[in-house]
Amino acid sequence: MSEKSSNSSGSDEDVDPESGHPVELGGVLSKWTNYIHGWQDRWVVLKNNTLSYYKSEDEREFGCRGSLCLSKAIITPHEFDECRIDISVNDSVWYLRAEDPKHRLRWIDSIELHKVESGYGSESSLRRHGSMLSLTSAASGFSATSTSSFKKGHSLREKLAEMETFRDILCRQVDTLQKYFDGCADGVSKDEFQRDRVVEEDEDDFPTSTRPNGDCLHNNNGSKEKLFLPASPKGMNGIDFKGEAITFKATTAGILSTLSHCIELMVKREDSWQKRLDKELEKRRRVEDAYKSALSELKKKSHYGGPDYEEGPNSLINEDEFFDAVEAALDRQDKIEEQSEKVRIPRLTPVPPGDAYSVIGTHRFAKQPHSYSSSLSSVELVSASDDVHRFSAQVEDVVQNHMTYSLQDMGGDANWQLVVEEGEMKVYRREVEENGIVLDPLKATHAVKGVTGHELCHYFWDTDVRNDWETTIENFNVVETLSDNAVIVYQTHKRVWPASQRDVLYLSAIRKILATNENDPDTWLVCNFSVDHDNAQPTSRCIRAKINVAMICQTLVSPPEGNKEISRDNVLCKITYVANVNPGGWAPASVLRAVAKREYPKFLKRFTGYVQEKTSGKPILF
């Protein structure tokens, strides 16, 4: 997960002094790929407001594997991880890790410089987009004004009220004009009558004359003449002013009436369109709510597999969600196993309560019941002197401890809880926690017909057939062969998201336990316990689990009828399986206990079924 940053331009500065633009930055960063592969080293390049990544620096010529435009990117330094950067653009999120906080800060500063340079607020951006920005602003301003005017209530109803006011004013003006026209018509009639009378009295002479009120006026030549009111057009042309006024008033009233009718129609049309608009707005609101909800779910799903949701001290996933996710992942694995039919598990033959195997006195190799708590003084280890290597003493200690304590009866011990009982198989658990980590010892007992303890332990120990029956292992390899009966094995287990992937390095040894007492059954043992090795150091991709596991198999044989040979129908193997596992990490206790309760019975049934299938029809191996 190392990170090396360098400027391809050859300068150590973040800004090119000549152009004033941020320079290109490239280097190795660890990128979160997915929950299966975790963090992977990638060659990352920052150039021209774009962040791109390649599988390696040598593969740049083949094109980048992904890129992000930084114009709208959000850069978030992680709260707890001092080397991590989260870069998000809409729904796309990149999780990156630098070599140390110093390099992370340099990447953040460079990305921010590119982002600022590319933004619309920068000087160069305004120069590039000035004209278009002006046009857009103008159009937006007009649109906003129009919309706001409509929203402020300037509707047709208010316009109608204004038109009503204008109509009242116009009607008053028309009435005033009508009065004026009526007065003009009456005045003209009186003037015509008076003028006709004067003309008859004196057509040639124009003496000083007086008005009906006695006033006299002079003409332009200084002589007095009669002054008449100006002749109106009606007087000259015979126009009926009163009739014209009535017609004007009627026409105006008709226009106003028609306009009012049009306004009424527009109001009705407005009501209809307003209802349709309300319906469309409601539909839009529902669609927007659905879109926001779907977008939220999509973001949640797109980030749900990110590093913030995996197992860890600061995980964003709660215990219930963790439990549900693990259950769902295990269910998917079960379906895959069923569909592949890689391992066919035959139906096990149950042991009847009155079977001859349950009567130890009929056992060919035992004349009195065997005591599980018998002293180890009568127990010897086969080939102990020949199987010598640097872990020999440790192996012998582990074997003796298992033979002393693992075979003890749990009856009356309140610390052991029976959690599973399926026919002959029983699984017990004793709850133990240290520093919040579940360290529950598990113990299972089982009885399988038709196979011997040697056969079961052989297939359990033999690495050549491990993948034939073990479905939880992703890969494994033998790190070192210590002897014919002891090997050091490194294996990684399939990840069950959101739990972190586990690996284990252990020594596996097989032993036959020889007893000096003929009443002791034929017993074989395989023990697997964690060790350290220079060729398999812990890595950051997996959490190293610690184990101490043993499978103890005891063979019981019932006498065949008459002189018949012993067949598999006469063979019964009693299995005692014990497991002490320290899973490490931060998985919730409820999840670990539920998984153990679910997986251990499946493992025993799958393994014993596999051995029954492999040994069926073959000679018995004692």
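1. His389 sits in the loop that links β11 (379–381) to α7 (392–406); helices (H or I, at least four residues) and strands (E, at least two) are DSSP runs, numbered from the N terminus. His389 is buried because its relative accessibility is 13%, where buried means under 20% relative accessible area, exposed over 50% and partly exposed in between (1.4 Å probe, protein chains only). Apart from neighbours within four places in sequence, His389 has Val395, Leu482, Ser483 and Ala486 in contact (heavy atoms within 4.5 Å).

2. On provenance, this is a predicted model, in which local features need pLDDT of at least 70 and side-chain atom pairs count only at pLDDT 80 or more, while totals for chains, interfaces and linings use all residues. Residues are numbered from 1 along each chain as its sequence is written, and side-chain values use heavy atoms, with hydrogens and water left out.

3. The structure has zero disulfides, a disulfide being a pair of cysteine sulfur atoms within 2.5 Å. Cys553 is in none, and the nearest cysteine sulfur, that of Cys457, lies 3.7 Å away. Cys553 is buried, at 0% relative accessibility, whereas Cys69 is partly exposed, at 43%.

4. Strand β20 (residues 522–530) has eight of its nine residues buried, so the rest of the structure largely encloses it.

5. β20 pairs in the antiparallel sense with strand β19 (residues 502–515) over eight bridges; strands pair if DSSP finds at least two bridges between them.
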